[in-house]
Every structure is written in C-alpha cells, then in structure tokens.
Amino acid sequence: MFNKDRWREILEVLTSNVWRTLFTAFGVCWGIFILIVLLAAGKGLENGIRADFGDIATNTMFMWTRSTTKAYEGLPKGRSFEFKISDVQAIRDNVPNLRFISPRNRLSGFRGGSNVVRGIRTGAYNIYGDYPEIINQDPMSVTSGRFINYNDILEKRKVAVIGKGVKSDLYEKDEDVLGTYIKIQGVNFMVVGTYKKNSNDGDGEEEQKEVYVPFTSFSQAFNRGEDVGWMAITAHDGSSISVLKEKIIEVMRQRHKVHPEDNRAIGHFDLYEQFNRVESLFGALKGVAYIVGIMVLLSGIIGVSNIMLIVVKERTKEIGIRRALGEQPWSIKLQILMESIFLTIVSGMTGIIFGSLVIYGINSLLDSVGPVDMFINPSVSVGVVTGALLILMFSGLLAGFIPANSAIRVRPIEALRTE
Amino acid sequence: MIEIKDLHKSYKMGSNSLHVLKGINFTVKAGELVAIMGSSGSGKSTLLNIIGILDGADSGDYTLDGVPIEDLTETKAAQYRNKFLGFVFQSFNLINYKTALENVALPLYYQKVGRKERQKKALNYLEKVGLKEWATHLPSELSGGQKQRVAIARAMAAEPKVLLADEPTGALDSKTSYEVMALIQQINDEGNTILVVTHEEDIAHMCKRIVHLKDGVIVEDKKVEQVRAEQYV
C-alpha cells in the first residue's frame, strides 16, 4: 500500500493538471478553514465568558430562609424563621460529599447609610461575618496582611479584612493600613488584611468595597445570637451540588418544622445550574460551528469527487491496459481512493495551517490592542485538529468511493476500445 | 494449450442482438504460431478477447492450459490474465507517463515481484527486443516500431503461456511490420505459443498456421509454410 510506485503515480496524476488540482484543493481547504476559524471564535467567546465566572467555585449553592407558605405541625403559614449555627453541623452529619459549608451574615451598607467610620472619614459598605473557608468559595487575593482564621473565630477577635475600595475611601494613598482600627456600627475592629477581587463584570465596584470579619465576632458585636443569614455550600468535585441540594433542603425543612412540600420557605440559588446553562450554550455554539464548517467542507468534497470522476474517465484506457496486464480490481480501487484521500488531506492540512495562522494573527492583534469584552484567546485544541483530520480522511474516502467504483465498473475490453 | 468447443457470443445493440461467434471449435497446441484472419466484423477480435479473458462467452467451453475458464470473478480473471496471457495491441497501449522500462516492469509489479528483481528482468526483456538504450525514455519519445517492441517486451515479461497479438502491425509501415514479425517469430522459435490476429496476407503467412473466420464461423484452418521475416528486414 505504501510503496514508492503507488506514491509516484499519485503525484504524477495530481500534478498532470496543476490548476485543476489547485482549484479542487481550494474547496476542501476553504471548508476546513471555515470550520477551524468558527471553532476558534466559539472558543474565544467561551474563554471570555468563563473569565467572567472567574475562579468562583461553580459547584456551589446559596441558601436562605423566607416565610413559610404552608401550615405544618400546628404552626401557621407566613411564619418567619432563621437558620441557626447548629444547622451547619446537622448538614455536615446528614449530607455526605460536601466540601465547604459557610454560614454567613451581613450588614448592608453599600450605597446606603454610612456604617463604617474612621476618624473623619465614613463609608457605606457590605460587612460580612464569615468563616475562613469563604475565601475558597468566593475567591479573592489577599494583597496585604492575612485573611480571617480559626483563632479569630474561636476567640471572637474583632478583626477585619477590607477591600481595596474600602482602603482607598478611608485611608490616604500611602497610609499604613494593617493594625489600624475602623468603627463598624460603633464597634471597633482592627484591620488585619486587605484583599482584591478579580472580576470584570458589573459588580466590580461593590465587590471591592466589602469588609470581612469573623462570623462569631460579627454575631456578638451586632447581636445576631445563633442566627445565620444564609449559607454558601460547595460540593466535592465528583458530586453535583444540584443533586445534593435536595437532601440539604430536606434536612433544613425537618429541623425548622417546614412542611415537606413547602417549596418557597427556603430560597436557594444554584450556581452549578447556572453554569451548566452557559455550558450548554457553548455546546450549541460548537455544534453550529461544526455544522456550518462541515457543510462548507462537503461542497469541497463534492468538488474532489467530481474531479476524481473526470480523472477516472480520462484514464479509462490506462485502467483497461492495467487490467489486461493483470492488475487486480481492488488495487485500482485503492489507487483512486488513495489519490482522493491524499488530495483531501493535503488541501485540508493547508486549510488547517492557514486557519491557525489567522487565529494566531487575531491573537496577536488582541494582545496589542488590549482585552476585548467577552472574547479572550480564540484557539483550537489538538483534539479539534485531530478531529478535523479524521473528518478529512473520512471525506477523502467518501469522495473517492464513487469514482473508484466507476473505475472498476468499466470492463477492460470497453476501456481498451476508448480512443 | 487452448481448447475451444462450440463457442457462441452475441452482443446486444439496443433491442437488436448481434450474433458474432456462431459455434467456434478451435485447438492450439503449445509452441504454435497461429494467424487468425478475417475481414472486419468476422469476429476475430471478439474471439481473441474471449481467449484473452477480456470478455466472456455466452456458451461453449474454453480451456486454457488445462484450466477451465468460466464464470470468473474480475479478481480471478485478472489473476489468470497476469499469469497465463501476454497482450500486444494494435495501438501499443503503453502507459504514456511511464518509461519504457517501467512499462515492461508493470506485469511483474502485479505479480508482486520485488523492485530490484523487476527492474533487472524488465531490462533483460528490453535488451531482447533491442531497446536497452531506450529504457529511460517515455513512449512519446519512441517510434511506432519501438513502441510495439516495448509492448512485446512487456507482454513477454510476465512469461505467459500464450501471447495474444491483436493486429500488432496494423499501425506500422511494412518495413517496421516485418521487424516486429521477425521478433514474434524469434519468440515463437523459443517455444512460446502465439496467436496473431491480422487481416494482412503477408503477415499471416509469416505464421505457421492460418485460421480464417467469416461471419462468426471458422471457414478454413490450414498449416502453411512459414515465411521468415528476417529476409525482408
């Protein structure tokens, strides 16, 4: 199959009419080029949107309480209730495969009345009472000092980690932040760290203007007792929070005497579900790219098939001679198929290379003009290129199939008669 | 070597059926040099095609070197052609983008002879037909007589049982025709069985036996005194 004679023949046939071969090749080249560029564009969009999600743990849900809507066990409907700190342990005991359970509390101040005072400066910020794990669920980079730790929690230390927005509001530009005190609703907290969040969506400003204090100190300072505002719960990588949340909510309903069918009493937001919705959008996008690319490729392949038919017609006599000399039909078929596959793959590779160059060009353009919203690093993976090659191989086979069969359908005697 | 009994063949031309061979009985022994003669339409080429397993008969028996030839698949037919038969055509039928040497080596390639061995053998046969110096030339660079000699070398390269020549001199002038016939006689002298289809009397008389075909039947089958072609060259 891979002997020298066969390859020489393939090259001889394809170079005997260079322009015809080039035009034919262009059809396939163009098809695969479109496929590659479309896939890369889709990937660019995907990268852009993924960057907006940032490194937030996507296997996460948030859960809070609302009023009950059904009477249950002698309790009326319309009753309000609060999660308690003991609920955290209850969830941990009853639901396996959970990685983090962070109870949270908040004092809201953003764009509201000022709640933080330092000297003569004041500001309105969201104040969170948190456990140290929250940094894994809502990632931020600590730019100086440290984040909250368990000693803070246990000793109920009045310490605070402030965002870079808070820092620029309350401090001079080159002022030392660590070790200073801020007054949150009349209670002094010592600043032990600053953070910055990576985000480029609309909440950017608010996210930089937050203050994190230990959950226990928060409860004590602001009189929350055992109450928990809401919880952020992250599942282990192997298990889906969308599945586990049913169990979690069930446990909460039992503990707070909520009717088992009261779906409105416990509110939740499933990040994973949202993320999946976006994921399926990417899937659809990829599907469209494949369909359009393959359709264009198809017209190229029909071109190859056409040319191979003409080549077979032109070589009818030669094929007759070969068969008279005793060449096996399968060998003739193989020859035509190999010519077709060779032509398809070589032109397809050209298309892939050309497409990669264009993607490379777009990338360096993006690098030089700076980031574009929702479009980052368009690229195709090795897997896609391999896939494209497989598609090409298959298409070459397809394109050569009809011509190859027509080549051996002509009886040698008729082929020899052709002048 | 060749045994044919009651062979019939007709071609369908639209709704009409053209009965070309109407019961041919014909035997060729090893080492014979037979001329098949007849005017055009007499069925001589059809007979040669059937003998060459290029075409199938409608009815009748055909045995080639003791092997019955009937209902062959294309694969089997190709194998038999390669093993048993060498073809020489009126229009030479060389493959025009291959050199003389490659053309001669082609049947050996189909016999899966190794490349080196193939080249050596092919060069041998080219030497035999006196064209060793032309081995690397393309057919377009050769004269008609040279092309036919390359074709004969190609037909002999596979060492066939029977050499079939369909009007081998039809496209050549008389001097070149005699040269080609001299070569065919020489090959026959070495013991090869050869069938020559021709409509030229002088060419026919250079064979050892003449079979006359007319309207699909053999009308005459006679042995003749062979005229040696060398004397005209």
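Within strand β9 of chain B, B:Val211 is the bridge partner of B:Ile36. The model that contains this pair is predicted. The points below begin with the sheet around these residues and then turn to the chains, their cores and their loops.

**The sheet of chain B**

- B:Val211 also stands opposite B:Asp221, a residue of β10(B).
- A further bridge links B:Ala35 with B:Ile210 of β9(B).
- Strands β3 (residues 33-37) and β9 (residues 209-214) of chain B are paired in the parallel sense, with four bridges.
- Between β9(B) and β10(B) the sense is antiparallel, and the pairing has six bridges.
- The hairpin formed by β9(B) and β10(B) has two residues between its strands, and B:Asp215 there adopts a positive phi near 50°.
- In chain B, six strands make up an open sheet with mixed pairing, in the order β6-β7-β8-β3-β9-β10.
- At the edges of this sheet are β6 (85-88) and β10 (217-223) of chain B, each of which pairs on one side only.
- From one strand to the next, the twist averages 20°.

**Helices on the sheet**

- Chain A contains 14 helices and 14 strands, while chain B contains seven helices and ten strands.
- Of the 419 residues in chain A, 36% are buried; of the 233 residues in chain B, 47% are buried.
- In chain A, 81% of the contacts between residues at least 6 apart in sequence join residues at least 24 apart.
- In chain B, 68% of the contacts with a separation of 6 or more are between residues 24 or more positions apart.

**Where chain A meets chain B**

- The contact between the chains involves 14 residues of chain A and 17 residues of chain B.
- On the chain A side, the elements that contribute two or more residues are α1 (4-15), α11 (316-324) and α14 (412-417).
- Helix α11(A) supplies the largest share of that side, with four residues.
- By class, the chain A side has seven nonpolar, two polar and five charged residues.

**Nonpolar cores**

- In soluble globular proteins, nonpolar side chains tend to be buried together.
- The largest nonpolar core has 117 residues, and those that touch the most other members are A:Ile32, A:Ile36, B:Ile36, B:Val104 and B:Leu195.
- Helix α2 (residues 18-53) of chain A gives this core its largest share, twelve residues.
- Leaving aside residues up to four places away in sequence, A:Ile36 touches A:Ile352, A:Gly355, A:Val380 and A:Ala388.
- Another core, of 47 residues, lies apart from the largest one and includes A:Met61, A:Phe100, A:Tyr125 and A:Ile182.

**A helix pair in chain A**

- The axes of α1(A) and helix α12 (residues 329-369) of chain A come within 10 Å and cross at roughly 65°.
- This crossing of α1(A) and α12(A) is right-handed.
- From α1(A), the residues that make the contact are A:Arg6, A:Glu9, A:Ile10, A:Val13 and A:Leu14.
- From α12(A), they are A:Gln335, A:Met338, A:Glu339, A:Phe342 and A:Leu343.
- The contact of α1(A) with α12(A) comprises six nonpolar, one polar and three charged residues.

**Loop residues with positive phi**

- Most residues other than glycine have a negative phi.
- A:Gln185, which is not a glycine, has a positive phi of about 45°.
- This residue, A:Gln185, lies in the loop between β9 (181-184) and β10 (187-196) of chain A.
- A:Gln185 counts as partly exposed because it has 13 C-beta neighbours inside 10 Å.
- B:Lys112, another residue other than glycine, has a positive phi near 65°.
- The loop between α3 (100-110) and α4 (115-128) of chain B holds B:Lys112.
- With 7 other C-beta atoms within 10 Å, B:Lys112 is exposed.

Note on methods. Residues numbered from 1 in each chain as written. Chains lettered and ligands numbered in written order. Predicted model: local features only at pLDDT ≥ 70, side-chain atom pairs only at ≥ 80, totals over all residues. Pairing = 2+ DSSP bridges. Axes fitted to C-alpha atoms, helices over the stretch in contact; angles between N-to-C directions. Core = buried A, V, L, I, M, F, W, Y, C linked by C-beta atoms within 7 Å. Buried ≥ 20, exposed ≤ 12 C-beta atoms within 10 Å, placed from the backbone. Contact = placed C-beta atoms within 7 Å. Nonpolar A, V, L, I, M, F, W, Y, C, P; charged D, E, K, R; others polar. Left-handed = near helix turned anticlockwise from the far one by under 90°.
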